[in-house]
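Hello,

Please find the structure below, followed by notes on what was found in it.

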Amino acid sequence: MSLYLKQIEQLISLQKVDDEIHGIKQELESAPKEVENLRARFAETTEQRSRQQDKMAHLRDQEKRLGIEIEDDSARIKKSKGKLMSAGNTKEYHAMVREMDSLERINRTREEEKAALLEEVSRQSSLLAEVEALYLSLENELNASEAGLQARVSAAEAALAELQLKRGSTSKDVPAPVFARYEFIRERLEHPVIVPVSGGICSGCHIAIPPQNFIELQKAAQILSCPNCQRLMFWSEHFNAQPAE
């Protein structure tokens, strides 16, 4: 194996360790955010649940009030019918009939209002049931996430410590000038640092490299950087590799 290919192989090994470190750091960053997002969703659902409960309480109060008014109206109508038979003259009789008709109209209006109210109660009850189900689901999910967060973080930190040791060991195999170049790029660019080129396309930026650069890359004479993204690159055919996603 040529010196060039040996150095590329060393850099690929280092990159594999850095890939794992990158994944662990993403886990350490995303785990708390996942819990925070759940807390925000739970708080929003709790507020929605509270509003829906208040709305249902208001509707139940209206239903109760209408029930009492309808009962009172029915009692007054019954009383008016009883008085109707004791009317002393025609004028008094007609006055009582008009009063009873008025009470019956009011009673019918309230019955219609009650029917519409009961329909709304049914609709809002279904909405409340949906919110309650979401509330309980999020509550369970949040409790589990909060309980497991510290375990996830501890495991990730332990794995990261081991990988840092592994990185130190792996980096010793890379010649100092090459490693310095790798580190210079790593500190300035998004992960990864070294990427394969297949079909003339850099897998780091997904842009075609100039034909002359591709020819030089195939010669395997020196370590080249992508002219577009500045990452170190190698020809995938030298290691039978496929471009990274």
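Phe214 is buried in this predicted model, at a relative accessible area of 17% (buried means under 20%, exposed over 50%, partly exposed in between, with a 1.4 Å probe and protein chains only). Residues are numbered from 1 along each chain as its sequence is written. Because the model is predicted, local features need pLDDT of at least 70, side-chain atom pairs count only at pLDDT 80 or more, totals for chains, interfaces and linings use all residues, and side-chain values use heavy atoms, without hydrogens and water.

There are 3 aromatic pairs in the structure (rings of Phe, Tyr and Trp, the last by its six-membered ring, with centres within 6.5 Å; planes under 30 degrees apart are stacked, over 60 edge-to-face, the rest tilted). One of them joins Phe214 and Trp235, edge-to-face because the planes stand at 85 degrees, with centres 6.3 Å apart. Phe214 belongs to helix α4 (residues 211-219) and Trp235 to strand β4 (residues 232-235), so this pair ties together parts 21 residues apart in sequence (helices are DSSP runs of H or I, at least four residues, and strands runs of E, at least two, numbered from the N terminus).

Phe234 and Phe239 also pair edge-to-face, since their planes are at 90 degrees, and their ring centres are 5.7 Å apart. Phe234 is buried at 6% relative accessibility, while Phe239 is partly exposed at 25%.

Elsewhere, the charged end of Arg49 sits over the ring of Tyr135, 4.0 Å from its centre (NZ of Lys or CZ of Arg within 6 Å of the ring centre and within 35 degrees of the ring normal).

Regards
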